[in-house]
Each structure stands twice: as C-alpha cells, then as structure tokens.
Amino acid sequence: MACGPVCARLDFIMKKMDLSKNMTDSSKGSLNKPQESRKAVYEKDCEDCKKQLDAADAACRRITFRRGIASLAALVLFSAGYSRKSTVLCALSAAALAVFLMLVRRHQKLREHQAWLDDRYCVARDYLTRFGDAWKQFPLNGEAYLTEDFTEAMDLDIFGRSSLYQYICTASTCYGQDRLAHWLCCPFGHPSKTLEQMTARQDAVAELAAKPDFSMDFETAARRLRHENGTAVRQAVDDLSGTAGNAGLHDGIRTTAVWLFPGITLALLLAALTGMQDGLFWTYFSIAASIQLFSCMAGFQINQKLLAPVYRLNKAITPYAKLLPALEQESFESPYLKELQKSLLRNGTSASAAFRELSGISEAVMARKNIFAFVLYGSLFLYDYRCVEQYLKWKLRYGQELKPWLEAVGKAEALISLGVLSRTRSTCTLPRIAASPSPQFCAVSLRHPLLPESKAVGNDFEFRHRTCIITGSNMSGKTTFMRSIGVNLILAYAGGFCTARSLSVSPMELHTSMRVQDNVNEGISTFYAELLRIRRMIDASTKQVPMLALIDEIYKGTNAKDRIFAAAQTVKKLSQPHIVTILTTHDFELCDLEDSGEMDAENYYFAEKYKNDRILFDYQIKKGRAVTANARYLLRMAGIL
C-alpha cells in the first residue's frame, strides 16, 4: 500500500477553510508552523492577559472609590434636601444615586471581564505548558476511565498519569471529558462500524483547527465548569430531563392560586396605601400576607426538594449560557458540526434562549436562600410556589432537550481536544482512513505524541508482512516505537491529528500485551497474565476482522527455552491474512522465522553506537536482525561489573 497525500475529502474541506495555507508540500494534512512560533503565540497571549488583568484591577479600584463617593453624596444630599425641604437637593441626591447604580453595574461587568481574562490566561498557560513536561501535572488525566478490561489504555498510556488524555484534553464539562474518553476507546472492537463516524469527526476537527480564535474563546467560556462536580451536574440534568415532579403542573386550581392570591394581596396593599376604610384594608392585607408567608414556610421542604436540580446546576448555567450561543452563531462547513448546530435549534426554539430563561429561574430560586427576601417575596407574591411553577413549566417544555444540548457542547469540546496536537506540534497530520479487508498502515516520520518534539525521532514504517519481529538493545526504542504506532492509531480512529508527516491507515481492532503484571491475590504469575492477554488476541482473531497485535518482550516471564518455543507457536497462531503482529524480543532465535517458510514474517531492529565510553542511540528502525547487545555495558555503567 503506497503512502500518498490525505484523501480528496480532507483536501477539499481544508482548501475551503484555508487550512492548506499552513500545510507542507509533502502532506496537505501536515501543519508546517515551527514549534517556536506556536509557543510564542501562547506566550504573547499570556502576557496580554496579564496586562489586561492589571488594567482591569486598576479600573476596579477607581470604580470602587467613585462608587463610595457617589453613595456618600447621595446620602448627604438626601439628608440636606429632606431637612431643608429642598427639591433641588433631593433631585441631586437622586442623580447621585443613579450614578452609584451605574457604577455598580459597570463594576459588575468589569468583574465578569476579569473572570473571562483569568480563564483565558489559564487556557493559554495550559497550551504553553504542553511545550514542556509540566503538562503531566494537569489534574484531568482520565484515571477514572481505566478499567481492568481495557488493558490497552494502560499499555499505550491512553488514560492515567502522563497519558495521551492528560495531554490533549481541553474539555471542561463532564460531558466533553466523557465524550473524548469514549472516542479514544471506541476503536476497540468496533472499527468497521465507526469508519463513517471517524471520517466525519476528522472533517470537524480539521475545521476547528482552522478556527483557532473560536476554539480558544470556546475553551475560555467553558473553563469555569471545571470547578463543578460532574456527578452532581449529571444528576441534576437527569432530574431535569425526567418526568418526576411534573405532577399537578396542569392542575388549574394550583396555577390559578399562584396568580390569584398574590393579586388579591397586592390589591389589598394598594387599597391600604390609598387610605381606604380607615385602616381596615391594612388588617386584610396583613392577614393575606401572613397566609401566603405561612403557606411558603409550610411547603418549603417540598419545594426545596423539587428545586434541588436548579440549585445543583446554578453555577453551571451561566457558562453554558455563553457556550450555546457560540455554537449556534458560528459558521460551519463540516456536516458533523452543522448537525451539532441543528441539534441546538430544534422544535422552534434555541438552546441559548432556553438557558437564558433557566438562568432567570435560577436567580429567582437562589433568592430563596436570603431570609429577608424569602419573607418579603413570600408574603407578597407567594414566591416559593411561583418559582416551582416556572421551573416545572421550563422542565415540561425543555427537559427532554437539555441532555442532548449539553452533549452537543461536550462533543464540540472533544473535537477541539483532538486538534490540540495541531496547535502544539510542528509535525502533525490528519491521516487518511480507508476501508480494507486486511490491516493497512503507512507512516512517514511517525513519532510518539507524548515525547518532547525536540527529542522525538521520526520513523518511516509500513505493514508489508503479517509478522514483524523487532530486536535491539535495551533502551534502543523498540517499545516506544510500538507505542507510537498504537497511540497514533487511536488518535486517527478518534478523528484527531497524529504526529507524523503523513499517515494512511485502515480500520482494525487493536490488541496489546505490554505492561503485564502478576496478581498475587488471584495467584496469577506474570507469565500466566501474559498468556491470558495472548489468549484474548487469539479469541479476537476468530471474528475474522482486520486486527493489529502489539506484543512487547513476548513471554519475558519464563525461561529462554520455553519462551522461544511458546513465542514461535503464538506467532504461527496469529499469522493470518487479516492480522498483523508486531512483537519485540531479545531472543535472536525468533528472527529465524523470517526464513522458515512457515509464515510471512520480516525482521527489524534498533541499534546503538559507542563513542568515548558513551552509548548512543539513533532510535531509527532498520530492516534485518540486531547484531549488538548492551547489557554488559549497562552493567558496567551501573557498577555491577
């Protein structure tokens, strides 16, 4: 299978989005901007944010001072005007109060802008961090997605500390984090079924990579959601999406009471203020207000339980209210992103409009926590029941749409995460994915995405045989090379950028046996644990679907004689037209399988050089079998020999 440029579909969409301006001649999908230039962009962004934050802080101090002057002036002028019966002074007091209120509003907006700048600085700083090793301290490492059944994630560092997920995840919502994890897991067991989905996501990732400003703004708007408890948000969304709590919504008596009794109470208050019936209406008003307040107090616990989802979602509503319009209003070309937009504008309304309404309900509900507001609003407006009525109406109208809306935001976040490598690596590409009855893989300058780019060595590699046996000295790069293949395949299947000059692959199941550990509690030795991994590969091979098996240091847990025999038998078992097996070994005897005539195998190796008592590795894969070993040299270096 010959390596070529990315497919015409990607070429078309990239030209349409002017992404090709940043492409190399060797691969239309390979971004060509030097890493130093990319780093400088985020350095400047961080510097600009700091300057603007300092300016905003100074402006806040000025407004605070002016607000104090305005409030003091309003108080003094009102006191003087009241004592002197001066209309002019009272008017000036009202003007000073208006200035005070204007300054309060301005200060509030400035604080919101400060919060946005702070989030923007954090986003830019995280990108800057990815150019070094400090990204390994990011709190979002995907450990929660590691399972005993998904051993490939551990072998290839997909989740957990110092993982691919930790490096590329920019999602702040729990739905975005879950969606990215799902796409990174999706290739295992379902490659042929999701080929169309892979390429659709790839188009969307390419388009978002061509919209760096939109992506950065979107990440910034979502940043506040990192502080939210994902479990609580999911529970609140499930409650809002469910039907529980809707009973009685259409009860005419209840709806009438929520509007009728406050109307009567306010009418009595108006009558009392106008002096009708010599104070009799004050008595009627007091009775009506007391009944309403008592009703609110009596139903407080029930209403509190009904409104609990709004309480849990309160802090998440404002960020979502900013994210949804961004998705609704942006102009997209890829079908996947257009479909996301369409999901936000169904049934004659928009998600952003619904969230604005929910934001108003949330503010009203949160006012219940203030005892003075509760007493005043409850006695005048039957406030608690009015909040419940508005909430239930919103839930009936939008409840079923809420989760799909938030999942749409999560998908956009996951797509942006899959484009992270295009913003931090100068050598990256969108791979070509094409259906094939047998495993296909062709890479030019393939690198491991988690290695610092200055240290990563590119290798050209293509599947030409069913079995690839890799030998070489310790630390020469065998395992890293295999992981480079596995990790880039996962990125390709997820729809993301890969670290290579060009990459062409076909869908295939991916199985690994690398970080094999014993289990003392279950009495499983390292050797037996590896046998279980290999058994799973053999069982998977019976499905007759394209498959890639990556085996590191095959059967290292047993003696050399048994290891060589067992490895040869395993390779023969996996030598099938729909399977490619890549294994590393220190047993040179396995290299004889290439000439045995029993299977389609080829030898590769990594080598080292010695200069001035130093060991040097070039980390370049070569055809043939290894002819050097460095164990004795390393023993001397460690002072053992």
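1. Arg536, at a relative accessibility of 29%, counts as partly exposed, and its place in this predicted model is in helix H20, which covers residues 526–541. Once its neighbours within four places in sequence are left aside, Arg536 is in contact with Asp149, Thr151 and Glu152. Arg536 and Thr512 are 24 residues apart in sequence, and their C-alpha atoms are 9.7 Å apart in space.

2. On the chain as a whole, the secondary structure comes to 22 helices and twelve strands, and of the 641 residues 52% count as buried. Among contacts with a separation of 6 or more, 76% are accounted for by residues 24 or more positions apart.

3. The largest nonpolar core has 121 residues, and those with the most contacts inside it are Phe441, Phe461, Leu548 and Ile582. Helix H17, residues 383–417, supplies the largest share of this core, namely 16 residues. Apart from this core lies another, of 21 residues, which has Ile534, Tyr555, Leu590 and Met599 among its members. As general background, nonpolar side chains tend to be buried together in soluble globular proteins.

4. Phe441 deserves a separate entry, and the reader may wish to display its surroundings. Leaving aside residues within four places in sequence, Phe441 is in contact with Leu446, Phe461, Glu462, Phe463, Ile485, Leu489, Leu503, Ser504 and Val505. One of these partners, Phe461, is itself listed with Phe441 among the residues with the most contacts inside the largest core.

5. Helix H13 (residues 308–329) and helix H15 (residues 351–366) pack with their axes 9 Å apart and at an angle of about 155 degrees. Because angles over 145 degrees count as roughly antiparallel, H13 is described as roughly antiparallel to H15, and the crossing of the two helices is left-handed. On the H13 side the contact is made by Val310, Tyr311, Asn314, Ile317, Tyr320, Ala321, Leu324, Pro325 and Glu328, which meet Ala351, Ser352, Phe355, Leu358, Ser359, Ser362, Val365 and Met366 in H15. Sorted by class, the contact of H13 with H15 has twelve nonpolar, four polar and one charged residues.

6. H13 also packs with H17, where the axes come within 11 Å and cross at roughly 60 degrees. That angle makes H13 oblique to H17, and H13 passes H17 in a left-handed crossing. Here Pro309, Val310, Leu313, Tyr320, Leu323, Leu324 and Leu327 in H13 meet Tyr391, Leu402, Trp405, Leu406, Ala408, Val409 and Ala412 in H17. By class, the contact of H13 with H17 has 14 nonpolar residues, with no polar and no charged ones. Val310, Tyr320 and Leu324 are listed in the contact of H13 with H15 and also in the contact of H13 with H17.

7. Thr584 is placed in strand S8, residues 579–584, and at 0% relative accessibility Thr584 counts as buried. Not counting residues up to four places away in sequence, Thr584 touches Ile470, Lys478, Met482, Ile551, Asp552, Glu553 and Ile554.

8. Glu43 lies in helix H2, which runs over residues 35–84, and is partly exposed, with a relative accessible area of 39%. The C-alpha atoms of Glu43 and Tyr127 are separated by 9.3 Å, although these residues are 84 residues apart along the chain.

9. Two backbone values call for a second look at the local geometry. In general, most residues other than glycine have a negative phi. Lys85, which is not a glycine, has a positive phi of about 55 degrees; Lys85 lies in the loop between H2 and helix H3 (87–129), and at 67% relative accessibility counts as exposed. Asp157, likewise a residue other than glycine, has a positive phi near 60 degrees, and its place is in the loop between helix H4 (151–155) and helix H5 (164–168). At 17% relative accessibility, Asp157 counts as buried.

Key
Residues numbered from 1 in each chain as written. Predicted model: local features only at pLDDT ≥ 70, side-chain atom pairs only at ≥ 80, totals over all residues. Heavy atoms only, no water. Core = buried A, V, L, I, M, F, W, Y, C linked by side-chain atoms within 4.5 Å. Buried < 20%, exposed > 50% of the residue type's maximum accessible area, 1.4 Å probe, protein only. Helix = DSSP H or I, 4+ residues; strand = E, 2+ residues; numbered from the N terminus. Contact = heavy atoms within 4.5 Å. Axes fitted to C-alpha atoms, helices over the stretch in contact; angles between N-to-C directions. Parallel < 35°, antiparallel > 145°, perpendicular 65-115°, else oblique. Left-handed = near helix turned anticlockwise from the far one by under 90°. Nonpolar A, V, L, I, M, F, W, Y, C, P; charged D, E, K, R; others polar.
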